[in-house]
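Student: I am new to this structure. Could you take me closely through one part of it, the surroundings of the ligand?

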Amino acid sequence: MICLGIESTAHTFGIGIVDDKGNILANEKDSYTTESGGMIPSEASEHHVEACDKVLANALNKAKIKLQHVDLISFSQSPGLGQALRIGAFFSRSLASQLGKPIVGVNHAIAHLEIGRLRTKAKDPILLYASGANTQVIAYHNRKYRVFGETLDIGVGNFLDSFARHLGLGFPGGPKIYELSLHGKKYIPIPYVVKGMDVSFGGILTNVTRKYDSGKFSKEDLAYSIQETVFAMLVEVSERALAHTRKNELVLGGGVACNLRLKEMAKKMCGDRNAKCYIPENEFLVDNGAMIAWLGILKFKSSGPQKIEECIIKPYERTDDVDVTWYG
Ligand code: AMP
Ligand code: MG
């Protein structure tokens, strides 16, 4: 069985083609970026409209198949920006009707977790999902992916992007903060906000923005201090989730997990407690179509197709709203 999966929750329009053995035949994408300023949802949606035909052609080309060889269409149904999700859902429904093939909608956060399990062979991990809009620590228990901890306000990626925007840097800002951090020389104390198993970045953003505006601190030192602080927060709650669940595998997911310092800190924590730290390749950490295709296959095989009228977007669906029918 071959599944064509379409990702469009935010800045990336991606198409992955995956078979039911887990072979990735193609994983193509085109992402919305800016030179300065953040992401504007209506512009991201226009980007997807312009990119979709080209990304589809590239994916089919890469996989060396024709559209008729596709057995199943899947798409990111939730959670995400309504304006962006709508383009992927519309494109997927059109393809499915045109080809007369089944269609399933999947949850994007769970797709990050499942592609992590597929690529790394982790069996029953804790997922630290650190992306633009989402920051969650997730683990499977009793037919659900449960959220053990999460951000109480913005995602860690949005936090990095917002600070970068304040410095006049474009979107995505996370990689730019990383580059600056390499030139940071001094740790500047900034608030460390862990509340139980949850984290919060809104107050830290105000704090570092004011520090930068005071003119007393360099952007390099601030970037370095920000990374040391917020990644320690993420690693702390991940460690507590490992301890509480007695699981011994951590998987990283989400675009922020491309950050080398976060990878290093997560590996160190796992090493110290004899847990395994699994990190998929960067192309599967960021938003991508292959993870949507793979979860499409898992969901379809365990619970069949969805009616086309059920294939509406669910921008606010939570990770723990989804019945996990395929786990094992
Ligand atoms: P996603 O939504 O999962 O595709 O992730 C996008 C987010 O990841 C954006 O907020 C980016 O700024 C962030 N990001 C990507 N690469 C890095 C990096 N190397 N370091 C920190 N953040 C990153
Ligand atoms: Mg994501």
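Tutor: What follows is a walk from the ligand to the helix beside it, and then along the chain on either side. Keep in mind that this is a predicted model.

Start with the ligand. Ligand 1 sits in the second largest pocket. There are 17 residues around ligand 1. Ser131, Asp161, Gly174, Gly255 and Asn259 come nearest.

Now look at the polar atoms. A backbone N or O atom of glycine 174 lies 2.9 Å from an oxygen atom of ligand 1. A polar backbone atom of valine 256 is 3.3 Å from an oxygen atom of ligand 1. Asparagine 259 uses its side chain instead: one of its polar atoms there is 3.1 Å from a nitrogen atom of ligand 1. How much of the ligand does the protein bury? On its own, ligand 1 exposes 500 Å², and the protein buries 91% of that.

Which helix gives the largest share of the shell around ligand 1? That is H4, with three residues. Helix H4 spans 156–166, and helix H5 spans 174–181. Each of the two supplies at least two residues of the shell.

Stay with H4 for a moment. H4 is mostly covered, with eight of its eleven residues buried. The buried residues are Val156, Gly157, Phe159, Leu160, Asp161, Ser162, Phe163 and Ala164. Find Asp161 in that list. Asp161 is also one of the residues that come nearest to ligand 1. What covers the buried residues of H4? The cover includes two strands, E6 (126–130) and E7 (135–141). It also includes H5, helix H6 (202–213) and helix H7 (219–245).

Next, follow the chain out of H4. Glycine 168 comes after the helix, and its phi is positive, near 90 degrees. Further on, phenylalanine 171 and proline 172 are joined by a cis peptide bond, with omega about 0 degrees. Proline 172 belongs to the loop between H4 and H5. Most peptide bonds are trans.

Is arginine 117 buried or exposed? Its relative accessible area is 11%, under the 20% limit, so arginine 117 is buried. Its side chain makes a polar contact with the side chain of glutamate 114, at 3.1 Å. Arginine 117 also touches residues beyond four places away in sequence: Ala122, Lys123, Pro125, Tyr145, Tyr327 and Gly328.

Two loop residues complete the picture. Lysine 121 is in the loop between H3 and E6. Its phi is positive, near 70 degrees, and lysine 121 is not a glycine. Lysine 121 is exposed because its relative accessible area, 58%, is over 50%. Asparagine 142 is in the loop between E7 and strand E8 (144–150). Its phi is also positive, about 55 degrees, in a residue that is not a glycine. With a relative accessible area of 56%, over the 50% limit, asparagine 142 counts as exposed too. Most residues other than glycine have a negative phi.

Look back once more at the ligand. Ligand 1 has H4 and H5 in its shell, and H5 is also part of what covers the buried residues of H4.

Note on methods. Residues numbered from 1 in each chain as written. Chains lettered and ligands numbered in written order. Predicted model: local features only at pLDDT ≥ 70, side-chain atom pairs only at ≥ 80, totals over all residues. Heavy atoms only, no water. Buried < 20%, exposed > 50% of the residue type's maximum accessible area, 1.4 Å probe, protein only. Polar contact = N/O pair within 3.5 Å; in protein donor to acceptor, adjacent residues only side chain to side chain. Contact = heavy atoms within 4.5 Å. Near = heavy atom within 4 Å. Areas by Shrake-Rupley, 256 points an atom, 1.4 Å probe, with all protein chains shown as cover. 1 Å grid on protein atoms, 1.4 Å probe; cavity = no way out; pocket = protein on both sides within 12 Å on 5 of 7 lines; lining within 4 Å. Sits in = over half its atoms within 2 Å of the grid points. Helix = DSSP H or I, 4+ residues; strand = E, 2+ residues; numbered from the N terminus.
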